[in-house]
Amino acid sequence: MKRVKSEEFFHRQPECYGCSQAVLLGFKDEFEVSEKDIEEFGAWRGGRAPEGYCGALYAANVMLERRGLAPVTEEFRAVAGGDKCREIKGGTKYPCIDCVRLADALVEKRMAEK
């Protein structure tokens with residue numbers, strides 16, 4: 001069965017998942033993400049992830065770290081122009097859906113490297 005990419009979950013109706021939730025859902029089976037995780041990560045919408053990180057990046061790094069894999073912050077920053085929601089949305093104007101796509105691709109890449 002082919003994995004559903006994270007972008008398919010972003011703002012999907014009727015749930016309207018945020019960026020961090022979308023990334024978790026995109027890797028739900030691979031990382032054994034619980035419904036509780038998905039619900040809790042709903043709080044990280046709109047730049048509210050810890051330390052102001054992009055929610056998509058934050059979710060990607062949490063999953064990777066749980067598996068003992070290196071975070072993807074540097075790779076994400078190089079493409080999105082930052083790692084904090086405010087600097088991405090305000091400075092580079094990199095859209096949220098693209099952050100979700102990028103986080104998804106970077107997690108997939110990191111998994112393939114292990």
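Is tryptophan 44 buried, partly exposed or exposed? Tryptophan 44 is partly exposed, with a relative accessible area of 24%; buried means under 20% relative accessible area, exposed over 50%, and partly exposed in between (1.4 Å probe, protein chains only).

## Basis of the values

This is a predicted model, in which local features need pLDDT of at least 70 and side-chain atom pairs count only at pLDDT 80 or more, while totals for chains, interfaces and linings use all residues. Residues are numbered from 1 along each chain as its sequence is written, and side-chain values use heavy atoms, with hydrogens and water left out.

## Aromatic pairs

Three aromatic pairs are found in a search of the whole structure. Rings of Phe, Tyr and Trp (its six-membered ring) pair if their centres lie within 6.5 Å; planes under 30 degrees apart count as stacked, over 60 as edge-to-face and the rest as tilted. Phenylalanine 27 and phenylalanine 31 make an edge-to-face pair, at 5.9 Å centre to centre with 80° between the planes. Phenylalanine 27 is buried at 0% relative accessibility, and phenylalanine 31 is buried at 10%.

The ring centres of tryptophan 44 and tyrosine 58 are 5.8 Å apart and the planes stand at 75°, so this pair is edge-to-face. The pair links distant parts of the chain, 14 residues apart: tryptophan 44 is in the loop between α2 (35-40) and α3 (55-66), and tyrosine 58 is in helix α3. Helices (H or I, at least four residues) and strands (E, at least two) are DSSP runs, numbered from the N terminus. Tyrosine 58 counts as partly exposed, at 22% relative accessibility. Ring pairs join Phe41, Trp44 and Tyr58 into a cluster.

## Charges over rings

The charged end of arginine 3 sits over the ring of phenylalanine 27, 3.9 Å from its centre. The criterion is that NZ of Lys or CZ of Arg is within 6 Å of the ring centre and within 35 degrees of the ring normal. The charged end of lysine 84 sits over the ring of tyrosine 53, with 4.1 Å to the ring centre.

## Helix α4

Which residues of helix α4 (residues 73-80) are buried? They are Thr73, Phe76 and Ala80. Seen down the axis of α4, these buried residues fall within an arc of 65°, so they line one face of the helix; the arc is that of the directions from the helix axis to the C-beta atoms. An α-helix has 3.6 residues a turn, so residues three or four places apart point the same way.

The face of α4 turned away from the buried side carries the exposed residues Glu74 and Ala78. Glycine 81 follows α4 and has a positive phi, near 85°.

## The largest pocket

The largest pocket has a volume of about 160 Å³. On a 1 Å grid over the protein atoms alone, a pocket is an open set of points where a 1.4 Å probe fits, with protein on both sides within 12 Å along at least five of seven lines. Grid points are joined across faces, edges and corners, and a volume is the space filled by probe spheres set on the points.

The lining of the largest pocket has 15 residues, of which Cys19, Gly46, Cys85, Lys89 and Cys96 lie nearest its centre; lining residues have an atom within 4 Å of a point. The elements giving two or more residues to this lining are α5 (85-92) and α6 (96-113), and the largest share, three residues, comes from α5. By class, the lining has eight nonpolar, five polar and two charged residues. Ala, Val, Leu, Ile, Met, Phe, Trp, Tyr, Cys and Pro count as nonpolar, Asp, Glu, Lys and Arg as charged, and the others, Gly among them, as polar.

## Backbone and distances

Most residues other than glycine have a negative phi, and most peptide bonds are trans. The peptide bond from glutamine 13 to proline 14 is cis, with omega near 10°; proline 14 is in the segment before α1 (19-26). Cysteine 16, also placed in the segment before α1, is not a glycine but has a positive phi of about 55°. Its relative accessible area is 27%, and cysteine 16 is partly exposed.

Glutamate 32, in the loop between α1 and α2, has a positive phi of about 50° although it is not a glycine. Glutamate 32 is exposed, with a relative accessible area of 70%. From C-alpha to C-alpha, glutamate 32 and methionine 63 are 9.3 Å apart in space and 31 residues apart in sequence. Arginine 48, in the loop between α2 and α3, is exposed at 54% relative accessible area.
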